[in-house]
Amino acid sequence: MAAKYLALVDDEAQVRQALGRLLRLAGYEVLLFASGQEFLDSLDQREPDCVLMDIHMPGLSGLQVRDGMKAEHADLPIVFITASDDPELAHQAWAGGASALLRKPFSRQVLLDAVEAALLGRPRLH
């Protein structure tokens, strides 16, 4: 069986590299994107099985990227990542169908559990 393809969208290079490495070691195929627009532009070539995306990014925010995906890619599971404790932001993520919302810092196991649950379509994780 082919490895599941994950798209990791985060403007911070160190975060992208670290999470990308962790996910690859767990057996996933991971493509890294430095911006929401870069990720949206890639969807014509290949659709991921799951998207991991920072909420706060320059240019398009993670929530704006999610809204941009809605029409053609509405069923893609999204695991949002944030350092914010803003309840309104969390509400917007959940209301828009997030599979999980991970607040930094989070453990390796929390990340892997959230990805696996998203891929399996399990109930959303807080």
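## Salt bridges

The side chains of Glu29 and Arg46 meet in a salt bridge, 2.6 Å from N to O. The term covers a side-chain nitrogen of Lys or Arg within 4 Å of a carboxyl oxygen of Asp or Glu. This pair links distant parts of the chain: Glu29 lies in strand 2, Arg46 in the loop between helix 2 and strand 3, 17 residues apart. Glu29 counts as partly exposed because its relative accessibility is 31%. Arg46 is also partly exposed, at 36%. Buried means under 20% relative accessible area, exposed over 50%, and partly exposed in between, with a 1.4 Å probe and protein chains only.

By this rule the count comes to four salt bridges. One of them joins Arg103 and Asp85, at 3.7 Å from N to O. Again distant parts of the chain are linked: Arg103 sits in strand 5 and Asp85 in the loop between strand 4 and helix 4, 18 residues apart. Arg103 is partly exposed at 34%, whereas Asp85 is exposed at 64%. Arg66 pairs with Asp67, the closest N and O atoms being 3.0 Å apart. Here Arg66 is buried, with a relative accessible area of 9%; Asp67 is partly exposed at 44%.

## Model and confidence

This is a predicted model: local features need pLDDT of at least 70, side-chain atom pairs count only at pLDDT 80 or more, and totals for chains, interfaces and linings use all residues. Residues are numbered from 1 along each chain as its sequence is written, and side-chain values use heavy atoms, leaving out hydrogens and water.

The protein chain averages a pLDDT of 91, and 95% of the residues score at least 70. pLDDT is the predictor's confidence in each residue, from 0 to 100. Among the elements, helix 3 has the lowest mean pLDDT (86) and strand 2 (residues 29-33) the highest (98). Where pLDDT is low, the predicted coordinates should not be read in detail.

## Nonpolar cores

The largest nonpolar core has 23 residues; Val9, Phe39, Val51, Met53, Ile55, Met69 and Phe80 touch the most other members. Strand 1, helix 2 (36-42), strand 3, helix 3 (62-73), strand 4 and helix 4 (87-95) each give two or more residues to this core. Helix 4 supplies the largest share, four residues. Such a core is a set of buried Ala, Val, Leu, Ile, Met, Phe, Trp, Tyr and Cys residues joined through side-chain atoms within 4.5 Å.

Leaving aside neighbours within four places in sequence, Val51 is in contact with Ala7, Val9, Phe39, Met69, Leu76, Pro77, Ile78 and Val79. Contact means heavy atoms within 4.5 Å. A second, separate core of 18 residues includes Leu8, Leu22, Tyr28 and Ala114.

## Helix 5

Helices (H or I, at least four residues) and strands (E, at least two) are DSSP runs, numbered from the N terminus. Helix 5 (residues 108-120) has 13 residues and should span 18 Å at 1.5 Å a residue; its end C-alpha atoms are 18 Å apart, which agrees. The expected span is 1.5 Å times one less than the number of residues. Gly121 follows helix 5, with a positive phi near 70°.

Leu111, Leu112, Ala114, Val115, Ala117 and Ala118 are the buried residues of helix 5. Their cover includes strand 1 (5-9), helix 1 (13-25), strand 3 (50-54), strand 4 (78-82) and strand 5 (100-103). Gln109 is also found in helix 5. Gln109 counts as partly exposed because its relative accessibility is 43%. The C-alpha atoms of Gln109 and Lys70 are separated by 29 Å, and the two residues are 39 apart along the chain.
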